[in-house]
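Open the model in your viewer and keep the selection tool ready.

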Amino acid sequence: GGPPKINKNADSAGGPPLLSAAGATGLEDGAVPRAIQASLAPGPAGATLSIRLADLPIGSILSAGIDLGGGTWELAAADLAGVSLALPLDLDTDFVLSVTALADYGSPGRRYATRLPLPVDVVPVNDTPQGLGIVGGSGAENEAIGVLVGTVAASDPDSGAVLSYVLVDDAGGRFSIDAATGAIRVEDPRGLDFEGDASHAVVVAVAGGGREQATAQGADEVDG
């Protein structure tokens, strides 16, 4: 009989640390707030807890911790309270981090790890198209309608963005542009008179799927 005996050595070796990693969300070119919580399991005093984040996109920077290279950072438990992740410029796709909590109780046989995935959703923002320029830009006097006289090209940092071109100034109706390809063609050959004007300026704008746009100016040189 008698009361049950209490094993005072229970949990004396510690165990795997407690870890939670809720999904996180951040804006493109912004920062992702803390979404990790970790703590030691019951065990002896003097144990240390560290957290390792792997599979970070190249160029990511944590506001605390040590950069181990290769997209891996290590943080002390105290770093978790205010840590945030600064995303690399123009990253607009979701990714998944690997989060590992490491508990060290002072000897090789008393080290434990808990690992979880951490999905990060990136909310894209519309970036201004870049590198807009006009290639070519020459044609003969009284050139026929539809003849190619130049091509506009640009790039967009946003993945999957579809560029759309428009002539803001078509030189008095002399030229037109293909919105999808950027090809500039003769629209009104009557205005291409070398004796009147040897060149005609056009202004092109490009949009990348949103309200952001860039502009470029070029001249069509008319050969006599």
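How many aromatic pairs does the structure hold? It holds one. Rings of Phe, Tyr and Trp (its six-membered ring) pair if their centres lie within 6.5 Å; planes under 30 degrees apart are stacked, over 60 edge-to-face, and the rest tilted.

Before selecting, note that this is a predicted model: local features need pLDDT of at least 70, side-chain atom pairs count only at pLDDT 80 or more, and totals for chains, interfaces and linings use all residues. Residues are numbered from 1 along each chain as its sequence is written, and side-chain values use heavy atoms, leaving out hydrogens and water.

**Stop one: the rings.** Select Y105 and Y112. Their ring centres are 5.9 Å apart and their planes stand at 75°, so the pair is edge-to-face. Y105 is buried at 8% relative accessibility (buried is under 20% relative accessible area, exposed over 50%, partly exposed in between, with a 1.4 Å probe and protein chains only). Y112 is partly exposed at 23%.

**Stop two: the salt bridges.** Here a side-chain nitrogen of Lys or Arg lies within 4 Å of a carboxyl oxygen of Asp or Glu. The count is two. Select D104 and R111: their closest N and O atoms are 3.4 Å apart. D104 is partly exposed at 26%, while R111 is exposed at 52%. Now select R52 and E74. Their closest N and O atoms are 2.3 Å apart. This pair links distant parts of the chain, 22 residues apart. R52 is partly exposed at 34%, and E74 is partly exposed at 24%.

Technical notes:
Helices (H or I, at least four residues) and strands (E, at least two) are DSSP runs, numbered from the N terminus.
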